[in-house]
Structure formats: C-alpha cells, structure tokens
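Subject: Structure handover

Hello,

Here is the structure I said I would pass on. Please look through it first; my notes on what was found come after it.

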Amino acid sequence: AFAGQLPGIEAVLLGALPGRTGLVSLAGILAGGLYLAYRYILRPRSVALFLIAYGVMLGVLAFPPGVVMRSNWQEWYRLVAMFPGELLTLLAYLFLNSDALFAAVFLLALPGTEPLTPRGRRVFLVVAAIGAAALTRYGGASLPVPAATATLIVLMPTSGWFDALFAKRSWLNRR
C-alpha cells in the first residue's frame with residue numbers, strides 16, 4: 001500500500017537517505033566491523049547472534065498478535081504465500097532503518113559490554129536483541145537515543161549479573 005513512498009533498497013544499503021549520523025551507511029558500518037574483527041576487538045559470533053535474534057524478533061513483532069489472531073491460520077498462510085517478496089521487502093526496510101547494525105558492530109566492541117562467560121554472553125545477547133526489537137517496534141521513534149543502542153546501554157551494567165547467573169558450575173568454582 002505504501003510501496004511508492006519507500007526509498008529504493010539500493011539507497012538504503014548505501015546510506016543515501018536521511019537518518020541519524022553513522023546509523024544509515026551500511027558500507028561504513030561493514031568496513032568498521034571488518035576492521036574491528038581483524039583487530040580481534042569484535043566477536044563476529046556475538047554480532048551474528050545479536051542480529052539473528054533481533055531479526056527474528058522484529059519479524060515476529062512486525063505482525064501484531066491481535067491481527068494474526070483475528071483471522072484464521074488459512075487466511076494468514078494465504079497472505080504470506082501470495083506476497084512473500086513484498087513482506088520480505090517490508091521486513092528488510094524495517095531492519096535496515098533501525099540502528100541494530102550500528103549497535104551490533106560498535107557497541108558490542110566496547111570493553112565490558114558483554115559478559116565474559118559464553119553462556120552468559122549468549123543469554124545477554126538474546127535478551128538485548130529481544131528488548132531492542134520490542135523498543136524499535138513499539139516506541140523507538142520517541143527516544144532521543146536509537147532503540148538498539150539504548151537497550152545495550154541499559155543492559156551494559158548488568159553483564160556481571162549474566163556471568164553470575166549463567167556460569168557453568170563445576171567443583172572448581174563452588175562456594
């Protein structure tokens with residue numbers, strides 16, 4: 001319905017559209033992320049986990065449960081089968097217009113952002129991605145700070161708690 005109002009996807013990928021400084025240039029974010037990964041400052045697995053969880057949650061939240069539950073599953077499946085390309089394009093615009101790529105590359109590279117233990121890190125990243133997707137979908141435009149950035153900034157001081165709660169227990173670290 002509003003396909004005529006959206007910019008071209010190539011403009012979104014190149015960052016040739018208005019947005020917050022540093023958040024819209026996919027090429028710049030990719031170059032910075034490759035440099036940080038090359039210098040062993042950024043964990044590519046953490047970036048991938050955050051972005052996958054963010055994308056899945058954004059896809060789930062793109063179609064509100066009230067809308068899905070009002071129709072039966074056959075109608076919903078028929079809609080998705082009839083317009084798969086258009087739905088994926090809308091989801092791509094929703095994902096690429098957020099600050100998730102910026103937050104995943106540059107904020108996760110900051111020391112002390114992530115927990116130290118692998119299990120705590122995975123739980124932290126999934127919780128941060130779910131919170132960022134919910135904030136992006138339901139109120140990110142009213143914030144002075146972008147949604148994914150705000151979520152990671154708020155969760156950054158709790159990284160030690162994720163280490164303590166999800167540490168692998170062994171006889172060496174028992175108290």
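Accessible areas here come from the Shrake-Rupley method with a 1.4 Å probe. On that basis the protein chain exposes about 11200 Å², and carbon and sulfur atoms supply 69% of that area. Please keep in mind that this is a predicted model, and every value below is computed from it.

Overall make-up

The protein chain holds 10 helices and 0 strands. Followed along the sequence, the pattern is α-α-α-α-α-α-α-α-α-α. The chain has 175 residues, and 34% of them count as buried. As for contacts in the chain with a separation of 6 or more, 77% of them are made by residues 24 or more positions apart.

Helix pairs

Two packed helices are described by the angle between their axes and the distance between the axes.

The crossing of α3 past α8 is right-handed. The residues of this contact divide into 17 nonpolar, 2 polar and 3 charged.

The pair α2 and α7: helix α2 covers residues 26-38, and helix α7 covers residues 100-107. Their axes come within 9 Å and cross at roughly 20°. Angles under 35 degrees count as roughly parallel, and the angle here therefore makes α2 roughly parallel to α7. The crossing of α2 past α7 is left-handed. By class, the contact of α2 with α7 has 7 nonpolar, 2 polar and no charged residues. On the α2 side, the residues are L26, I29, G32, G33 and L36. They meet L101, F102, V105 and F106 in α7.

An α-helix has 3.6 residues a turn, so residues three or four places apart point the same way.

From α7, the residues A100, F102, A103 and L107 meet A148, T149 and L152 in α9. The residues of this contact divide into 6 nonpolar, 1 polar and no charged.

Two mostly covered helices

How many of the 8 residues of α7 are buried? The number is 6, and α7 is mostly covered. The buried residues are A100, L101, A103, A104, V105 and L107. They pack against α2, α3, α6 (84-96) and α9 (147-155).

Helix α9 is also mostly covered, with 7 of its 9 residues buried. The buried residues of α9 are A147, A148, T149, A150, T151, L152 and L155. Their packing partners are α3, α7, α8 and α10 (159-165).

Y40 lies in the loop between α2 and α3. Phi of Y40 is near 60°, which is a positive value in a residue other than glycine. Is Y40 buried or exposed? Exposed means over 50% relative accessible area, so Y40, at 78% relative accessibility, counts as exposed.

S98 is found in the loop between α6 and α7. Buried means under 20% relative accessible area, so S98, at 11% relative accessibility, counts as buried. The C-alpha atoms of S98 and A132 are separated by 9.6 Å, and the two residues are 34 residues apart along the chain.

A92 has its place in helix α6. The relative accessible area of A92 is 26%, and A92 is therefore partly exposed. A92 and G55 are 37 residues apart along the chain, and their C-alpha atoms are separated by 9.2 Å.

Regards

Key: Residues are numbered from 1 along each chain as its sequence is written. This is a predicted model: local features need pLDDT of at least 70, side-chain atom pairs count only at pLDDT 80 or more; totals for chains, interfaces and linings use all residues. Side-chain values use heavy atoms; hydrogens and water are left out. A crossing is left-handed if the near helix is turned anticlockwise from the far one by less than a right angle, and right-handed if clockwise. Helices (H or I, at least four residues) and strands (E, at least two) are DSSP runs, numbered from the N terminus. Ala, Val, Leu, Ile, Met, Phe, Trp, Tyr, Cys and Pro count as nonpolar, Asp, Glu, Lys and Arg as charged, and the others, Gly among them, as polar. Buried means under 20% relative accessible area, exposed over 50%, partly exposed in between (1.4 Å probe, protein chains only). Contact means heavy atoms within 4.5 Å. Axes are lines fitted to C-alpha atoms, for helices over the stretch in contact, and angles run from 0 to 180 degrees between N-to-C directions. Angles under 35 degrees count as roughly parallel, over 145 as roughly antiparallel, 65 to 115 as roughly perpendicular and the rest as oblique.
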